[in-house]
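These are my notebook entries on what I looked up in the structure shown below. I set them down in the order in which I consulted the model.

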Amino acid sequence: MKRIAVLLLCALMALQPLFALAAGEKNKDNLPIGDLAGFDGGWTWFGEDFHYDITNEEACWELLQKPITVLDAEENSPVYPLDAPDGNRVVNQWQGGFINGSQAAVHVLGEDEDGWTLIEGLDYYDRVIRGYVKTSLLKTVTPNEKYGIIIDKLTQRLYMFIDGKLWSDCAVSTGLVDLRLNQPYNETASGEYLIGNWVGGFDSEGMYCAMGIRFNGGDLLHEVPGVPMADGSYSFTKFGSQLGRKASHGCVRVQRTPNDDGLCISWLWENLKRNTKVVIWDDDGRTIPYPDDSTELYYNPNGGTSYHASATCRSVRDKYLPLTGFAYAELDGTYAKLDPCPHCVPAQRKSIIDERNEQWFELAEALNHPMVTGETVAEGASVVVGEDDESAYGEVSIIIK
Ligand SMILES: [Zn+2]
């Protein structure tokens with residue numbers, strides 16, 4: 001939603017160097033685009049000793065329930081930290097330098113100075129912006145006490161906590177930085193946010209995104225985009241197959257097919273409450289681990305071409321259920337021809353995990369993230385870039401529930 005179209009011919013794009021992210025680049029409004037060099041990023045938000053461990057329910061729940069300080073400005077309105085009390089914007093860039101009001105957590109760094117306080121928060125580039133805001137804007141909010149969401153950019157999954165327990169999880173796609181289109185702000189910022197308004201569906205350059213729920217200004221949780229078909233229906237094949245990896249322009253695309261617990265975008269749409277905390281974990285410096293060899297996977301021995309995370313995957317016709325189990329260790333042998341099911345999004349093959357880990361290190365290196373210093377990157381490894389044909393979100397109509 002927040003991204004405006006940057007239209008480039010594919011032919012021209014092919015000629016662009018991949019690492020063309022230059023500080024001098026400007027957008028059509030003559031605002032500099034900027035880059036990530038010299039900034040701390042989302043990887044610093046939770047502190048140096050933070051353990052990204054989704055199995056530690058107690059620590060996760062404590063994080064999800066901890067009150068946060070936000071800037072008490074209207075939802076979806078930007079607040080720019082200033083370089084001094086009543087000074088200039090620390091950063092003033094295309095999509096950059098501001099914290100979204102009422103939703104994005106800030107850390108308070110100083111005491112009140114004549115009505116101004118030093119804070120830090122994360123902008124759309126996933127950069128830490130430090131500066132002064134009016135003290136009167138600081139508001140501490142206690143999150144919803146029943147629900148909490150952790151989205152891990154490493155695993156590309158949304159973890160739904162209810163009453164202190166990890167209830168279920170499902171596949172998502174967070175933002176994918178596109179170096180060819182010079183969109184470093186596509187990255188979904190890490191940090192802590194509060195669920196705000198139920199925005200609804202919106203069209204966006206040839207795709208339709210249903211059930212948008214705002215959590216950080218222009219960034220929403222919404223259904224995986226559908227492509228309108230001639231008969232009026234939508235096809236989710238293309239964007240559905242991207243679930244489990246980065247693909248969006250900052251929004252979090254959520255699985256539309258309910259998992260065995262019923263979790264999917266419509267569950268969120270119907271059950272979430274305002275001020276539920278959404279925690280987004282950074283992936284920098286982290287690698288996707290291999291699943292345990294004994295992890296159970298499933299398939300349909302009667303001609304099925306997919307492998308599944310669940311014996312009762314809802315994408316399979318009832319007469320073939322329950323599916324037949326096999327161990328992850330056998331995936332590259334006996335079951336080498338099966339494709340991962342786009343509905344239940346099972347564990348990836350080791351070769352795919354290796355490839356992704358290498359690509360992510362290379363991308364982080366191109367973006368000047370300090371975490372990759374000293375890491376070995378395979379020579380000639382390609383960089384993940386966004387889809388050419390979904391380059392931006394257009395204007396949308398906002399429906400407040
Ligand atoms: Zn499945």
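**Entry 1: the zinc site**

I began with the zinc ion, whose protein donors are His308 (ND1), Cys313 (SG), Cys341 (SG) and Cys344 (SG), at 2.1 to 2.3 Å from the metal. Donors here are N, O and S atoms within 2.8 Å of the metal (3.2 Å for Na, K and Ca); water is not among the atoms, so sites may look incomplete. I note that this is a predicted model, in which local features need pLDDT of at least 70 and side-chain atom pairs count only at pLDDT 80 or more, while totals for chains, interfaces and linings use all residues. Residues are numbered from 1 along each chain as its sequence is written, and side-chain values use heavy atoms, with hydrogens and water left out.

I then asked what arrangement the 4 donor atoms form around the zinc ion. It is tetrahedral, because the donor atoms subtend angles of 101 to 116 degrees. Four donors count as tetrahedral if all angles lie between 85 and 135 degrees. For reference, the ideal angle for four tetrahedral donors is 109.5 degrees. I recorded the sequence spacing of the donor residues as H-x4-C-x27-C-x2-C.

His308 and Cys313 are both buried. Cys341 is buried as well, with a relative accessible area of 2%.

**Entry 2: the protein as a whole**

I counted 5 helices and 22 strands in the protein. Helices (H or I, at least four residues) and strands (E, at least two) are DSSP runs, numbered from the N terminus. The protein has 401 residues, of which 53% count as buried. Its accessible surface comes to about 17,700 Å², and 49% of that belongs to carbon and sulfur atoms. Such areas come from the Shrake-Rupley method with a 1.4 Å probe; for residues, only the protein chains shown count as cover.

I also looked up contacts, meaning heavy atoms within 4.5 Å. Of the contacts between residues at least 6 apart in sequence, 69% join residues at least 24 apart.

In helix 2 (residues 57-65), I found that the buried residues are Cys60, Trp61, Leu63, Leu64 and Gln65. Which strands do the buried residues of helix 2 pack against? They pack against strand 8 (147-152), strand 9 (157-162), strand 11 (191-194) and strand 18 (277-281).

I turned to Glu145, which sits in the loop between strand 7 (138-141) and strand 8. Glu145 counts as exposed because its relative accessibility is 60%. Leaving aside residues up to four places away in sequence, Glu145 touches Trp61, Gln65 and Asp163. Glu145 and Gln65 are 80 residues apart in sequence, yet their C-alpha atoms are 6.7 Å apart in space.

I searched for disulfides (pairs of cysteine sulfur atoms within 2.5 Å) and recorded 0. Cys251 is buried, at a relative accessible area of 0%.

**Entry 3: salt bridges**

A salt bridge is a side-chain nitrogen of Lys or Arg within 4 Å of a carboxyl oxygen of Asp or Glu. I found 19 in the structure. In one of them Arg214 pairs with Glu75, with the closest N and O atoms 2.8 Å apart. This pair links distant parts of the chain, since Arg214 lies in strand 13 (residues 207-216) and Glu75 in the loop between strand 1 (68-71) and strand 2 (78-79), 139 residues apart. Arg214 is buried at 4% relative accessibility, and Glu75 is buried at 15%.

I next examined Lys153 and Asp282, whose side chains meet in a salt bridge (3.5 Å, N to O). Lys153 lies in the loop between strand 8 and strand 9 and Asp282 in the loop between strand 18 and strand 19 (296-299), so this pair ties together parts 129 residues apart in sequence. Lys153 is buried, with a relative accessible area of 0%, and Asp282 is buried at 0% relative accessibility.

Key. Tetrahedral: all angles 85-135°; square planar, octahedral: opposite > 155°, others 65-115°. Buried < 20%, exposed > 50% of the residue type's maximum accessible area, 1.4 Å probe, protein only.
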